[in-house]
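Q: Can you walk me through this one? I'll ask as I go.

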Amino acid sequence: MRFSLFFFANGDDPDEQYRLLIEASRFADAEGFSAVWTPERHFHPFGAPFPNPAITGAAVAAVTRRVAVRAGSVVLPLHDPLRVAEEWAVVDRLSGGRAEVAFASGWNPQDFVLAPERFAEAKGEMRRGIEEVLRLWSGAAVERTGPGGRSYPVRTFPTPRHGGLPLWITAAGSPQTYALAGELGAGVLTHLLGQSLDQLEENLAGYTDALTSHGHGVERERVCVMVHTHLGHDRRRALALAKGPLMAYMRSSLSLFGLKSAAPAGDGSGDEALNELLELTYQDFSRDRCMLGSPADALPLVETLAAIGVDEIGCLIDFGIGTDEVLHSLQTLAELNRRCADL
């Protein structure tokens, strides 16, 4: 099992968020982590420091030498594939060939103010966009229409350091998305927010079937699961530090956890019922689908994920705990990373 660092941004101070990104990336690079993932988030305080993973990826590339620099994810229907190919070729050059990209179709209608005409067919747009990015990455030209209706064959520059872009597909719980990743021979980036471990196992079986049925070898199988993570040798302190921020994270992402207010607003009963639901959901989620507390607390989940075919855990570290506390906790995480290398 490999560990990587995953950023999703639930902090109030962008400057502190960027300090955490840079210092944690340096640590990951020195301590043998596999990658650093940064997301694409738009038009909301939640995730506000991360509107473009190519920009944050370039920053990570500049301060590291070994870790893969990954987008987690590029919401491809929001962008022209020409720009995606250009930006990530720059990241690939800056990093010495360490760029990797997970693509997502997107789901939030507000994000699609950037490309409203693509919302209805976002999954198809993502697939078409991936095909075009891969052609451009390989050095081929694509046709574009310019002023006056004139057609131009366009190639993108700079050319990337390596001719093959390591490709990932971001999946939640849809079996069709896992099947698409298998069809393309791509890795899968997923999480445990909207699916149980049993559902994940079923989806990964479908992914493996799709890989083999489309002629891809098992060596192409790559699965990274994002997991909320905060570890320390003082178990009680680590759990206490994580609970408040994780509860706030859950409140700000109610739809991801299937939660809605249980009563109309106005008399206070709705907030009380929601708080009770959040507490129950926190207890369930933190017990079985997070790495919180001590390394011993985290090990059963690592072993379970390894047993169902996961080969990397993307450790989501920035869900609201203070920067210095997170940076201090990384040493414990690095110890677990070394311990789990042979799983």
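Q: What does Ser25 touch, leaving aside residues up to four places away in sequence?
A: Leu20, Val36, Val60 and Thr64. Contact here means heavy atoms within 4.5 Å. This is a predicted model, where local features need pLDDT of at least 70, side-chain atom pairs count only at pLDDT 80 or more, and totals for chains, interfaces and linings use all residues. Residues are numbered from 1 along each chain as its sequence is written, and side-chain values use heavy atoms, with hydrogens and water left out.

Q: Where is Ser25, and is Ser25 buried or exposed?
A: Ser25 lies in helix α1, residues 14–30. Ser25 counts as buried because its relative accessibility is 0%. Buried is under 20% relative accessible area, exposed over 50%, and partly exposed in between, with a 1.4 Å probe and protein chains only.

Q: How much of the chain is buried?
A: Buried residues are 50% of the 343.

Q: And which helix and strand counts do you get?
A: The protein chain has 10 helices and 11 strands. Both are DSSP runs numbered from the N terminus: helices are H or I with at least four residues, strands E with at least two.

Q: What about overall dimensions?
A: The C-alpha trace spans about 65 × 50 × 45 Å along its principal axes. The radius of gyration is 20 Å, which agrees with the value near 20 Å for a compact globule of 343 residues. That radius is taken over C-alpha atoms, and the globule rule is 2.2 Å times the number of residues to the power 0.38.

Q: What share of contacts with a separation of 6 or more is between residues 24 or more positions apart?
A: 73% in the protein chain.

Q: Switching topic: which peptide bonds are cis?
A: One joins Gly72 and Ser73, with omega about 25°. Ser73 is in strand β3, residues 68–75. Another runs from Phe157 to Pro158, with omega near 0°. Pro158 sits in the loop between β6 (151–154) and β7 (167–170).

Q: Now the surface. Which residues form a nonpolar patch?
A: Phe43, Val113 and Leu114, with about 300 Å² of accessible area together. Patch residues have over 30% relative accessible area and no salt bridge; like charges are joined within 9 Å, nonpolar side chains (Val, Leu, Ile, Met, Phe, Trp, Tyr) within 5 Å. A salt bridge is a side-chain nitrogen of Lys or Arg within 4 Å of a carboxyl oxygen of Asp or Glu. Areas come from the Shrake-Rupley method with a 1.4 Å probe; for residues, only the protein chains shown count as cover.

Q: Why does Leu114 count as partly exposed?
A: Because its relative accessibility is 43%. Leu114 is in the loop between β4 (99–104) and α4 (122–137).
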